[in-house]
Amino acid sequence: QVQLVESGGGLVQAGESLRLSCAASENIVSLNAMGWYRQSPGKQRELVATIRSGGSTNYADSVKGRFNISRDNAKNTVYLQMNSLKPEDTAVYYCNANFASHPLLPPRDYWGQGTQVTVSS
């Protein structure tokens, strides 16, 4: 069974940095867009950043200039470098990837289990 395994969350102070990683646990066919979303208590899950297979990126306005998304296709891994963290960045961060797990199957979205990021003021 394909899984997305996240790592890198934790507790930091405002202004500090964290790097999240997310790797697919099995071989992937047709890896497409990958991204990060986050959800705070009482709020809907929101997009943080996405990166297409060709490398083009998209960011939420709230993280532009502070966060950087990248990917390593050889490792089926996506990263999120988070700098100048703010208390309002506190949330559970979820990895998302669109791919096919078998040549005969269509691509679909997969989600990680989530990793907690807490930024103290």
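Colleague: Which residue in strand 8 is the bridge partner of R19?
Modeller: This is a predicted model, in which local features need pLDDT of at least 70 and side-chain atom pairs count only at pLDDT 80 or more, while totals for chains, interfaces and linings use all residues. Residues are numbered from 1 along each chain as its sequence is written, and side-chain values use heavy atoms, with hydrogens and water left out. Strands are DSSP runs of E with at least two residues, numbered from the N terminus; strand 3 (residues 18–24) and strand 8 (residues 77–82) run antiparallel and are joined by 6 bridges. Within strand 8, R19 has as its bridge partner Q81.

Colleague: In what order do the 4 strands of the open sheet lie?
Modeller: Two strands pair if DSSP finds at least two bridges between them. The edge strands pair on one side only, and they are strand 1 (4–7) and strand 7 (67–72). The pairing in this open sheet is antiparallel, and the order is 1-3-8-7.

Colleague: Which residue is joined to C22 by a disulfide?
Modeller: A disulfide is a covalent bond between the sulfur atoms of two cysteines; the cut-off applied is a sulfur pair within 2.5 Å. By this rule there is 1 disulfide. With S to S at 2.0 Å, C22 is joined to C95.

Colleague: How many residues apart are C22 and C95, and what is the handedness of their disulfide?
Modeller: The pair links distant parts of the chain, with C22 in strand 3 and C95 in strand 9 (residues 91–99), 73 residues apart. The torsion about the S-S bond of C22 and C95 is about -80 degrees, so the disulfide is left-handed.

Colleague: Is C22 buried or exposed?
Modeller: Buried means under 20% relative accessible area, exposed means over 50%, and partly exposed lies in between (1.4 Å probe, protein chains only). C95 has a relative accessible area of 0% and is therefore buried. C22 also has 0% relative accessibility, so C22 counts as buried.

Colleague: Which residue in strand 11 is the bridge partner of V92?
Modeller: Strand 11 is joined to strand 2 (residues 10–13) by 4 bridges, and these two run parallel. Strand 9 and strand 11, by contrast, pair in the antiparallel sense over 3 bridges. In strand 11, the partner of V92 is Q116.

Colleague: What separates the C-alpha atoms of A97 and K64?
Modeller: A97 lies in strand 9 and counts as buried because its relative accessibility is 0%. Leaving aside neighbours within four places in sequence, A97 is in contact (heavy atoms within 4.5 Å) with residues including L4, M34 and Y110. K64 is 33 residues away from A97 along the chain, and their C-alpha atoms are separated by 21 Å.
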